[in-house]
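Biologist: I am new to this structure. Please take me through how to read a few of its features.

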Amino acid sequence: MKEKWFFEKLYPAVKIGYKIEKVLKTQLSAFQKIEVFTNSIMGKVLTLDKVIQTTERDEFIYHEMLVHIPLISHPDPKKILIIGGGDGGVLREVLKYPIQKVTLVEIDQTVIEVSKKYLQNIGKRCWENKKLELIIDDGAKFVKNTKEKFDVVIVDSSDPIGPAKVLFRKKFYQDIKRILNKKGIMTRQTGSSFYQEKEMKENFRISKEVFKNTFLYLITLPSYIGGFFTLLYSSENINPTKISKALLAKKIKSLGLKTKYYNPDIHINCFSLPEYIKKALKL
Ligand code: SAM
């Protein structure tokens, strides 16, 4: 039988391909084409408009690092806001903390419905958690209008194409700064250091204009090709590189935090940047 392959459509001249074992779901929502298929190595793969969002096999790397860097760095995170995050991975990691409330603002309800049905290994039972307030809305509109304040905002959006474009503008950063408490922290993905250098530089520059503490930090995972994948940390008052390894270990122990990627060494070293990235960021 003819082999079927998925080739990602994110970069004009480079593609990652996954051999499709079985297509589990294809659905056109009001915002995007949602697909879930299985691959013999990566497990279930979620794509939106032909762009890989997450896979069962390597999602833990991205979700742990987007969540634990800010939540461990914050002295006492109680109110969390997630923008996007329709696959449930960020929500799952946030719920490992003794928080008061987590608000998740996802523009496309269908992504949540598909994820609940086909990606239970990622979201697990987090969607039923009593601490969750789920809002189906545009994240940019929400942060502009909300009167609430948050300790940590995690922007787990797709790439700056389609509905996520508004989440990469300076106004969005300014609105987030307004809704953060005094020791508030924001993290987000800012793309591949090789193939999305413009997005990485642009978002780093905007964050530095809006926040006193801006750091880029690095992960690598098979599904997000292009060398180091970059995450952005923005805060007025909390510097995540000033926390000792002993304190990190103490916090992790007292939380009983179980992780597969994040640990004190990774926390300390993920902010170390190679020369080509420092040069691109004018550091
Ligand atoms: N880990 C992925 C990545 O780094 O590209 C992101 C995964 S998550 C599935 C991305 C989510 O952002 C999608 O469910 C999408 O519907 C949502 N999204 C896109 N634009 C949005 C917006 N303006 N407001 C809220 N959610 C948005």
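Modeller: Start with patches: they are made of residues with over 30% relative accessible area and no salt bridge, with like charges joined within 9 Å and nonpolar side chains (Val, Leu, Ile, Met, Phe, Trp, Tyr) within 5 Å. A salt bridge is a side-chain nitrogen of Lys or Arg within 4 Å of a carboxyl oxygen of Asp or Glu. Accessible areas come from the Shrake-Rupley method with a 1.4 Å probe, and for residues only the protein chains shown count as cover. This is a predicted model, where local features need pLDDT of at least 70, side-chain atom pairs count only at pLDDT 80 or more, and totals for chains, interfaces and linings use all residues. Residues are numbered from 1 along each chain as its sequence is written, and side-chain values use heavy atoms, leaving out hydrogens and water.

Biologist: Which residues make the nonpolar surface patch?

Modeller: F194, Y195, F228 and Y276 make the patch, which covers about 390 Å².

Biologist: Is F194 buried or exposed?

Modeller: Buried means under 20% relative accessible area, exposed over 50%, and partly exposed in between (1.4 Å probe, protein chains only). F194 is exposed, at 55% relative accessibility. F194 sits in the loop between β11 (180-192) and α7 (197-210); helices (H or I, at least four residues) and strands (E, at least two) are DSSP runs, numbered from the N terminus.

Biologist: What does L71 touch?

Modeller: Contact means heavy atoms within 4.5 Å. Leaving aside residues up to four places away in sequence, L71 touches P77, I80, V94, Y97, V152 and I154. L71 belongs to helix α1 (residues 59-73) and is buried, at 2% relative accessibility.
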